[in-house]
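I would like to walk you through one protein chain, and I ask you to keep the picture in view while I talk.

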Amino acid sequence: GTVEIIMEQEGTIDKFHGDGVCVVFGAPQLHEDDPLRAVRTAWRLVGNVAAINERRQAQRKMPIQIGIGIHLGEVMAGHIGSERRMDYTVVGDVVNVAARIEELNKKFGTQILISDNVYEKVESNVRVKTLTLAHLRGHKRPILVHTLKEFHDRTDEIKNEKAA
């Protein structure tokens, strides 16, 4: 399931909103490969939904749509709230930009969109189609977005080489 896929990569579920979820990589636990973990999670979530949709199609049910936006940058992370209800959360422009990128999936008919600064970190593991300089709501500077076409997980290859 979704939560298991996220937990496997040590993503932190920040908050659910509507039928969406905000997931953070790198807080509270920082990993060198957090951008890769985020992209790997996205790729697996899309694969998971594809499998669910095959079953749904057989049952003549509507397919589930999925859209994921990934962005990278500095955020404020911490606990907010009162003693009664504490939430670990992240705030900052990066969070808003990721949400805006996610919204672009509908416009482009895509499932995974990543910002250029994410792409720079995962370039050797992915094949993308560069879409456009997207003008995001409330942003002066447009950002470059890429849709994920392929994901190659080098960690699997390394494990296999060690096993051989």
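I will take the aromatic pair, then the nonpolar cores, then a pocket, and finally some backbone details.

Before that, please keep in mind that this is a predicted model, in which local features need pLDDT of at least 70 and side-chain atom pairs count only at pLDDT 80 or more, while totals for chains, interfaces and linings use all residues. Residues are numbered from 1 along each chain as its sequence is written, and side-chain values use heavy atoms, with hydrogens and water left out.

Let me begin with the rings. A search of the whole structure finds 1 aromatic pair, where rings of Phe, Tyr and Trp (its six-membered ring) pair if their centres lie within 6.5 Å, and planes under 30 degrees apart count as stacked, over 60 as edge-to-face and the rest as tilted. The ring centres of tryptophan 43 and phenylalanine 151 are 6.4 Å apart and their planes stand at 45°, so this pair is tilted. It links distant parts of the chain, since tryptophan 43 sits in helix H2 (residues 34-58) and phenylalanine 151 in strand E8 (residues 143-151), 108 residues apart; helices (H or I, at least four residues) and strands (E, at least two) are DSSP runs, numbered from the N terminus. Phenylalanine 151 is buried at 10% relative accessible area, whereas tryptophan 43 is partly exposed at 31%, with buried meaning under 20%, exposed over 50% and partly exposed in between (1.4 Å probe, protein chains only).

Now to the interior. A nonpolar core here is a set of buried Ala, Val, Leu, Ile, Met, Phe, Trp, Tyr and Cys residues joined through side-chain atoms within 4.5 Å. The largest has 21 residues, and among those that touch the most other members are Val39, Ile68, Ile112 and Val126. H2 gives the most to this core, with 7 residues. Leaving aside neighbours within four places in sequence, isoleucine 112 is in contact (heavy atoms within 4.5 Å) with residues including Trp43, Ile70, His146 and Leu148. There is also a second, separate core of 8 residues, which includes Ile101, Ala134, Leu136 and Ile143.

Which residues line the second largest pocket? They are His71, Val97, Ser115, Asp116, Asn117, Glu120, His139, Arg141, Pro142, Ile143 and Leu144. The largest share of this lining, 3 residues, comes from H4, that is, helix H4 (116-122). Histidine 71 lies in the loop between E3 and strand E4 (76-81), and its C-alpha atom is separated by 7.2 Å from that of asparagine 117, 46 residues apart along the chain.

I will end with the backbone. Most residues other than glycine have a negative phi, and most peptide bonds are trans. A cis peptide bond, with omega about 0°, joins alanine 27 and proline 28, and proline 28 is in the loop between strand E2 (20-24) and H2. Glutamate 10, in the loop between helix H1 (2-8) and strand E1 (12-17), has a positive phi near 60° and is partly exposed at 41% relative accessibility. Arginine 60, which is in the loop between H2 and E3, has a positive phi of about 55° although it is not a glycine, and this residue is exposed, with a relative accessible area of 79%.

Note on methods: On a 1 Å grid over the protein atoms alone, a cavity is a set of points where a 1.4 Å probe fits but cannot get out, and a pocket is an open set with protein on both sides within 12 Å along at least five of seven lines; lining residues have an atom within 4 Å of a point.
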